[in-house]
Amino acid sequence: VTFPVRGGEWTLEPDDLERYIRDFPKLDVPHELGSARLWLLDHPLRQKTQAGMRRFLSGWLRRSRQPQPSAASPLPSYAAWRCPHREGGDLPLHGSRWACERWSAILEARRERAEATPLLLDPSS
Ligand SMILES: [Zn+2]
């Protein structure tokens, strides 16, 4: 298997491939290496030198070993969302982030209109 590197190509030797498969037994190593190769083709400015390729590939495989966030677990930013709007008591005004963002957009539009109106009525302008 060859990988694009700065100014040429780098060849993954069968010995290296076997070592990766041995070191990352839970990974589909050929599949991951294919993804790494595609990434390098897609990002020509971030391609490595010949000497840097082993470090790049082992780093790629180490990162791939981390559990990926699944669809079942919400993203941290979503889980951390709290409605900042209050109407009277302590209850949040909105039950969803979507409604909250819509409300913020409406408030923002109202504020901009309120700021723009005095200028329109200013007789000196
Ligand atoms: Zn809200």
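Trainee: What arrangement do the 4 donor atoms around the zinc ion make, and why?
Mentor: The arrangement is tetrahedral, because the angles they subtend run from 98 to 122°. Four donors count as tetrahedral if all angles lie between 85 and 135 degrees. Keep in mind that this is a predicted model, where local features need pLDDT of at least 70, side-chain atom pairs count only at pLDDT 80 or more, and totals for chains, interfaces and linings use all residues. Residues are numbered from 1 along each chain as its sequence is written, and side-chain values use heavy atoms, without hydrogens or water.
Trainee: Which residues are the protein donors of the zinc ion?
Mentor: Cys83 and Cys100 each give SG, while His85 and His94 each give ND1. They lie 2.1 to 2.2 Å from the zinc ion. Donors here are N, O and S atoms within 2.8 Å of the metal (3.2 Å for Na, K and Ca).
Trainee: How are they spaced in sequence?
Mentor: The spacing is C-x1-H-x8-H-x5-C.
Trainee: Are His85 and His94 buried or exposed?
Mentor: Both are buried. That means under 20% relative accessible area, with exposed over 50% and partly exposed in between (1.4 Å probe, protein chains only). Of the chain's 125 residues, 22% count as buried.
Trainee: New topic. How many helices and strands are there?
Mentor: The chain has 5 helices and 2 strands. Those are DSSP runs: H or I of at least four residues, or E of at least two, numbered from the N terminus.
Trainee: In which sense do strand 1 and strand 2 pair?
Mentor: Antiparallel, over 4 bridges. Pairing takes at least two bridges in DSSP. Val5 stands opposite Gly8.

Key
Four donors count as tetrahedral if all angles lie between 85 and 135 degrees; four count as square planar and six as octahedral if opposite donors are over 155 degrees apart and all others between 65 and 115; anything else is irregular.
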